[in-house]
Amino acid sequence: MKIPRALRPTLLPLLVLPRARWFWRGYTNWRKPNTWRDEPQSAEAAHNPLLAYFEDRKAGHGIFKWRHYFEIYDRHFNRFRGREVNVLEIGVYSGGSLEMWRDYFGPQSHIYGVDIQPKCKAYEGRSITISIGDQSDREFWKRFKAETPSLDIVIDDGGHEPEQQVVSFEELFPLLRPGGLYVCEDLGGSFNGFMMYAQGLVHDLNSAEGVVGNPELRERRQICKTTSFQSAVASVHFYPFVVVVERTGAAVPELISSMHGTDWLTANDKPTA
Ligand SMILES: C[S@@+](CC[C@H](N)C(=O)[O-])C[C@H]1O[C@@H](n2cnc3c(N)ncnc32)[C@H](O)[C@@H]1O
């Protein structure tokens with residue numbers, strides 16, 4: 001039965017509770033020992049310029065990162081290197097990470113930093129602009145947005161409280177250029193607030209309310225009219241302590257499923273997903 005969208009918020013517990021067993025199964029089942037057939041072998045790590053920069057930093061302005069973040073960064077950020085990109089990091093601390101981003105993205109990049117600590121203004125430099133403010137203050141973001149061009153990448157490594165992270169995401173994500181990335185860090189701990197928020201985003205991304213075309217009737221094409229969220233958000237990635245949300249490069253008005261080919265299992269078989 002299809003529940004009208006307007007009624008969904010009130011009926012949400014009825015929708016969620018019967019499905020909670022799937023969540024519980026995912027959360028608990030994979031903790032058993034001897035699950036994997038093959039254990040991972042240690043492999044030569046691929047060269048990662050960010051990790052190399054981090055490891056070379058034996059003196060100078062400090063950088064404070066979990067080591068496994070570098071693979072995540074390089075996987076998502078690589079395509080922006082050498083381009084004219086605007087990158088914002090919330091959480092400047094000792095200024096070293098802003099220097100790392102500038103080195104990685106190259107001479108055409110501009111790096112913006114935001115921190116609540118006024119002393120961080122000292123780390124401003126060529127192509128590095130620092131604004132002082134509280135990331136949970138919407139008035140601060142209003143001023144920031146008025147004086148900052150559109151951003152390609154936001155990295156939230158600030159106060160790490162869910163309220164701060166959610167306010168910053170809501171204020172900045174719509175500011176991202178098409179194809180841009182939003183990275184929220186340090187989400188450690190089960191049931192972390194921002195992780196839960198991001199799981200809510202995933203359900204919206206997965207909405208299939210506008211589907212036209214019925215596979216039961218052997219229609220060869222199904223079209224799903226996207227929600228405004230699906231049109232603007234390409235993907236949500238979950239990593240240990242990190243979530244990456246990616247904007248679509250162009251508006252996506254519909255998602256299409258179609259059947260190509262002439263030979264099917266039998267004439268009466270219904271296609272299954
Ligand atoms: C973990 S440190 C940032 C580390 C830095 N990005 C690095 O990689 O070296 C967190 C920073 O967030 C700042 N911060 C804490 N609460 C904040 C808030 N509400 N708004 C803005 N910055 C905040 C702190 O002053 C601190 O400098």
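**A quick tour of the chain**

Let's start with the parts list: this chain is built from 9 helices and 10 strands. Keep in mind that you're looking at a predicted model. The C-alpha trace stretches about 70 × 50 × 40 Å along its principal axes.

**The chain as a whole**
- There are 273 residues in the chain, and 23% of them count as buried.
- Take the contacts between residues at least 6 apart in sequence: 62% of these join residues at least 24 apart.

**The nonpolar core**
- The largest nonpolar core contains 41 residues.
- Val87, Ile153, Val154, Tyr182, Val183 and Val243 are the ones with the most contacts inside that core.
- Let's pick out Val243: leaving aside residues up to four places away in sequence, Val243 touches Cys184, Leu187, Phe194, Met195, Ala198, Val236, His237 and Phe238.

**Where α3 meets α5**
- When two helices pack, we describe the pair by the angle between their axes and the distance between those axes.
- Here, helix α3 covers residues 49-56 and helix α5 covers residues 96-105; their axes come within 10 Å and cross at roughly 140°.
- Because of that angle, α3 counts as oblique to α5.
- As for handedness, the crossing of α3 and α5 is right-handed.
- On the α3 side, the contact uses Pro49, Leu50, Tyr53 and Phe54, which meet Met100, Asp103 and Tyr104 in α5.
- Sort the residues of this α3 and α5 contact by type and you get 6 nonpolar, 1 charged and no polar.

How values were computed: Residues numbered from 1 in each chain as written. Predicted model: local features only at pLDDT ≥ 70, side-chain atom pairs only at ≥ 80, totals over all residues. Axes fitted to C-alpha atoms, helices over the stretch in contact; angles between N-to-C directions. Helix = DSSP H or I, 4+ residues; strand = E, 2+ residues; numbered from the N terminus. Parallel < 35°, antiparallel > 145°, perpendicular 65-115°, else oblique. Left-handed = near helix turned anticlockwise from the far one by under 90°. Contact = placed C-beta atoms within 7 Å. Nonpolar A, V, L, I, M, F, W, Y, C, P; charged D, E, K, R; others polar. Buried ≥ 20, exposed ≤ 12 C-beta atoms within 10 Å, placed from the backbone. Core = buried A, V, L, I, M, F, W, Y, C linked by C-beta atoms within 7 Å.
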